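Q: Could you take me through the salt bridges here, with a close look at one pair and how it sits in the fold?

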Amino acid sequence: MPASPSTARAINDRLALRLMQDEGPLTAGQLKQLTGLSRPTVADLVERLAAAGLIEVVGEAGEQRRGPNARLYGIVAGRAHLAALDVRTEGVAVLVSDLVGRVLAEASVPIGGDIGTGPAVEQAVTLVERALKESGADRLHTVGIGAPGLIDPASGELRDSSGLPAWHRRLVATLQERLPEARVTVENETNLAALAEQREGAAGDRDTFVLLWLGHGTGAAVVLDGALRRGASGGTGEIGFLPVPGTTGLPSATDCEGGFHSLAGSAAVVALAREHGIGPALEPVPGEPEAAALVRAAVAQTPDASGGTPDSPPGSGLGDTSSGRFLDALADRLAIGAASVVAVLDPGCVVLGGEVGQAGGGALATRVADRLRRMAPLPTQVRPSLLGGAAVLRGALLTARGSAQEELFGGH
């Protein structure tokens with residue numbers, strides 16, 4: 001059956017808003033070209049969306065054009081304000097943005113492991129409130145949180161975990177209490193990082209890939225056919241618990257020691273670097289985990305930092321230095337976990353994410369890819385993260401923005 005006039009208007013409005021979300025400000029002529037709608041229909045929807053306070057004139061297109069046809073229409077950025085949080089075991093980072101994603105304020109605070117649950121939650125909430133004040137906004141519409149741990153697929157809540165601070169779960173509820181007008185959502189940090197890498201980073205051309213998170217801890221996010229896969233209990237990608245050779249034992253249901261985490265977690269990478277005599281980088285990056293700093297130093301000290309294989313002959317400058325041998329040994333470890341994922345999922349692409357994956361760059365990614373070619377029959381690209389640790393915060397912002405726009409634009 002043909003759509004009713006009101007339904008057709010709603011479909012056209014949503015299409016125009018979606019284009020402005022993806023493309024940025026557009027003229028009426030560009031909207032006509034992109035939507036295939038007639039000029040009168042575009043004129044009507046522009047007037048309708050402007051009257052609803054959803055779009056506004058934000059400028060003109062080109063210096064040579066003037067008048068109504070040159071007006072650029074964009075989403076009203078101040079219609080809603082958003083917050084994104086990256087919650088780690090050792091601290092919290094937050095940013096506040098407008099509805100189009102322009103960052104208005106950023107802040108972070110370390111939270112020590114010896115601080116109690118109440119004080120830790122208060123520090124984090126105070127950080128959000130301070131960032132909101134600095135942004136100039138009076139309230140938040142949506143808050144997106146990225147945190148380690150399992151998200152219950154039924155309730156959307158962070159599940160209790162013996163390996164994570166108690167203040168993580170309390171923080172979500174406290175933010176909702178202190179910001180009663182805001183919608184507060186939480187998602188696993190690695191899943192958010194994968195969404196960010198797909199939208200803005202290394203996996204922009206992929207609808208199927210796996211992100212191997214390499215930061216303070218390890219994890220994986222699985223994107224298949226464009227959809228993030230969470231699993232029956234929200235635990236897809238808990239690769240730290242994967243039993244692997246080369247460890248001194250087996251992981252348990254409550255402790256990932258003995259699993260892949262023991263090979264590729266931050267402490268294990270630091271220990272491996274020390275074994276190979278790798279020192280820290282000369283210019284430390286603020287907030288960078290020690291493991292990432294050591295990997296970055298090794299890449300800088302490797303004669304051919306673009307890559308190399310463990311089969312390179314002595315004297316080639318690819319694996320015969322201490323830094324090259326360290327990267328080779330690290331790649332050996334990462335390939336074990338990556339090969340297991342590839343054998344089961346055949347993703348075609350593995351992104352080495354997190355701070356360590358970004359620090360390793362092409363040198364580490366090339367080494368892991370070389371090993372995968374020998375270990376697995378399935379062709380798999382290996383790419384370094386372009387966003388590193390910042391991917392969690394970007395992913396939280398993207399999901400908060402999408403959620404807010406979906407609600408605000410729902411009637412159009």
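A: A salt bridge here is a side-chain nitrogen of Lys or Arg within 4 Å of a carboxyl oxygen of Asp or Glu. This is a predicted model, so let's read the pairs by that cut-off.

Let's begin with arginine 371, which forms a salt bridge with aspartate 328; their closest N and O atoms are 3.7 Å apart. That counts because 3.7 Å falls within 4 Å. Arginine 371 belongs to helix α11 (residues 354-375) and aspartate 328 to helix α10 (residues 322-345), so the bridge ties together parts that are 43 residues apart in sequence. Both arginine 371 and aspartate 328 are buried.

For context, a search of the whole structure finds 19 salt bridges. One of them joins the side chains of glutamate 200 and arginine 394, at 2.8 Å from N to O. This pair links distant parts of the chain, 194 residues apart: glutamate 200 is in helix α6 (residues 189-200), and arginine 394 is in helix α12 (residues 390-408). Glutamate 200 counts as partly exposed because its relative accessibility is 36%, and arginine 394 counts as partly exposed at 23%.

Another salt bridge brings together the side chains of arginine 296 and glutamate 288, at 3.1 Å from N to O. Arginine 296 is partly exposed, with a relative accessible area of 26%.

Finally, there is a network to look at: salt bridges link Asp86, Arg88, Glu189 and Glu355.

Definitions and conventions:
Residues are numbered from 1 along each chain as its sequence is written. This is a predicted model: local features need pLDDT of at least 70, side-chain atom pairs count only at pLDDT 80 or more; totals for chains, interfaces and linings use all residues. Side-chain values use heavy atoms; hydrogens and water are left out. Helices (H or I, at least four residues) and strands (E, at least two) are DSSP runs, numbered from the N terminus. Buried means under 20% relative accessible area, exposed over 50%, partly exposed in between (1.4 Å probe, protein chains only).
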